[in-house]
Amino acid sequence: MDYYEIGQKIRKFRRAQGLSQEQLAEQTGISVTHMSHIETGNTKLSLHVFVGLAKALGIRTDELLDGPQGGEGASISEINALLESCTPQQVHILTDIVRAAKIALDKHAGE
């Protein structure tokens, strides 16, 4: 188990949701120092803390355990976390951008 990689994923999801280490640590019931050590891979985390962090971040535990590339589920969760921090107008604009990008990808797929 690569604790550094897990810690980096936790950091990515935390930042995507606009949470500080202090806020996530408080939601999980751990110290800020422990939270920092988890994100840097300098400590092993218990199953209880691992599950608590995933729950606080609103993600599945397997999204933290996937290999370095993550997976489709991890990408979708990251996008959802980003969208949750947006205003309704920002969500509308991002939806238009994604739609336009998808159309362009489809158009040039055969080239």
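Predicted model: local features only at pLDDT ≥ 70, side-chain atom pairs only at ≥ 80, totals over all residues.
Local features were considered at pLDDT of at least 70 and side-chain atom pairs only at pLDDT 80 or more, whereas totals for chains, interfaces and linings use all residues. Residues are numbered from 1 along each chain as its sequence is written, and side-chain values use heavy atoms, with hydrogens and water left out.

Helix α2 (residues 21–28) and helix α4 (residues 47–57) pack at an angle of about 115°, their axes lying 9 Å apart; helices here are DSSP runs (H or I, at least four residues) numbered from the N terminus, and axes are lines fitted to C-alpha atoms over the stretch in contact, with angles running from 0 to 180 degrees between N-to-C directions. The contact (heavy atoms within 4.5 Å) involves Leu24, Gln27 and Thr28 of α2 together with Val49, Gly52, Leu53, Ala56 and Leu57 of α4. These residues comprise five nonpolar, three polar and no charged, Gly being counted among the polar.

Beyond its neighbours within four places in sequence, Leu57 is in contact with Ile10, Phe13, Arg14, Gln17, Leu19 and Leu24.

Arginine 11, in helix α1, counts as buried because its relative accessibility is 18%. Leaving aside neighbours within four places in sequence, arginine 11 is in contact with Gln21, Glu39 and Thr40.

Notes:
Helix = DSSP H or I, 4+ residues; strand = E, 2+ residues; numbered from the N terminus. Buried < 20%, exposed > 50% of the residue type's maximum accessible area, 1.4 Å probe, protein only.
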